[in-house]
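Have the viewer open and try each task before reading on.

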Amino acid sequence: MITAQDIDAGLGARHFQLYYQPKFSMAHGEVCGSEALVRWCPPDGDVIDPGAFLPVVQRAGLSSRLSAYIVEQLFEDMAVLGPTRFSPVSFNTVASDFEDDALCAQILAGVAAAGIAPESLEVEITEQHALSCSPRVFANIARLREAGLGLAMDDYGLGYSSVDTLSKWPFTSIKLDQGLVQRMLDSEKNAGIVRSAIRMAHELDIGLVAEGVETAAQYHFLVDAGCMKMQGYLISRPLPLAALITHERFVPCPVTLAVGLVQMAIVDHIQWRRKMVAYTLRHAGEPADSPLRAEPDHPVLSCEKCQIGRWYRNGGATLAGSPVFATSDRAHQRLHAIGAEIVECIRAGAGIEQVRPMLGLLQQTSLDLLGSLLVLEDHGLATIYGEKAAQAAAARACGPAMPERVA
Ligand code: G
Ligand code: MN
């Protein structure tokens, strides 16, 4: 039985430590950050997980003391860690601890004193906590966001009104709950929930990290669904800082091709095209001097800033080895040039007859882009399934190439 006195003594003696679980970028096949997780490490006993002591901490009113301890430890560890592949580092907080301005002040002072980029830290809060909090808590967390820290919704999918919370809070990423991840291969329904959460994060232009990934099958499903980041035992358990730093190589996941992102790009393009055509037809029918024609209700015009443009420079670039990658990039740029020309003509008062040839060109270029994206997707799938077949053959010859579970 853990008592409040035990915890109080443990905090005083500094027996709590932060363990770090690496996050892994599936598009790049590399570690891309970490999550700090508190552990109680009594000198004469086993390491105790937070599940066993957090309820006591909460009941005993020791939560803000533990949070202050964790933040202090975090900055000490960050000084050792430096700006490495384990950065950004996220850490778990209880939203009610922000009731007092002290925690926010401690974090901001820590960032300034350590001279670290605020973007290298990310605050995680669970949806349940966010739901019940006061305006003061909201204001303090918003201050951290404004200072540049990331804000992640932890355990997404566990609560009952995640979407409402998402719409009200300035989250920069979602942590997909490990329960959802572990059930997603059980039914088409659960698979659909995970796929649509990934799509939603994409539409909101925020990050998503799948938690609790333990098997190769889960990993492959997520890659296919367009998920970019994960953490879980498949890559590594949470490790003490010293072990994290000296860990040479995390289990390499063989498939690091972001093929699921091609599907995202295809949908993004279909949405962009529809918006462009609707914009053109709506305004071309208006009087030539209508002020409505000046409204910026067209899709993103810059080919660098639209979702696909960013994809070419980030996750999609893992497919740059395919010759159609360049072809599709060119079609995409042409499409934007046509879009910009249409908007110019609409503003100049062009009617439906004048824009019709441009719409024809838009349609043809859109088909070119879609065609090359489909070829690119097939290229990605062929690479993945080719690799998978090779692994299976290797596994048959000399045991599993990738263990189902990694300790
Ligand atoms: O609430 P949050 O999602 O931050 O909790 C993460 C907890 O889940 C940690 O205590 C961590 O040890 C545990 N965890 C991390 N990866 C895995 C995993 O792959 N499988 C399981 N079962 N637990 C995990
Ligand atoms: Mn967490």
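Predicted model: local features only at pLDDT ≥ 70, side-chain atom pairs only at ≥ 80, totals over all residues.

**Exercise 1.** Which polar side-chain atoms lie by an oxygen atom of ligand 1?

*Solution.* Start with Gln178: a polar atom of its side chain lies 2.8 Å from a ligand 1 oxygen, a polar contact being a pair of N or O atoms within 3.5 Å. Next, take Glu35, where a side-chain N or O atom is 2.9 Å from an oxygen of ligand 1.

Residues are numbered from 1 along each chain as its sequence is written, chains are lettered from A and ligands numbered from 1 in the order written, and side-chain values use heavy atoms, without hydrogens or water.

**Exercise 2.** Sort the shell around ligand 1 into nonpolar, polar and charged residues.

*Solution.* The shell has 4 nonpolar, 6 polar and 6 charged residues. Here Asp, Glu, Lys and Arg count as charged, Ala, Val, Leu, Ile, Met, Phe, Trp, Tyr, Cys and Pro as nonpolar, and the others, Gly among them, as polar.

**Exercise 3.** Which residues coordinate the manganese ion (ligand 2)?

*Solution.* Glu35 (OE), Asn92 (OD1), Glu124 (OE) and Asp154 (OD) do, at 2.0 to 2.4 Å; donors are N, O and S atoms within 2.8 Å of the metal (3.2 Å for Na, K and Ca), and sites may look incomplete without water. Now trace the chain: Glu35 in strand β2 and Asp154 in strand β5 are 119 residues apart (strands are DSSP runs of E, at least two residues, numbered from the N terminus).

Conventions: Polar contact = N/O pair within 3.5 Å; in protein donor to acceptor, adjacent residues only side chain to side chain. Helix = DSSP H or I, 4+ residues; strand = E, 2+ residues; numbered from the N terminus.
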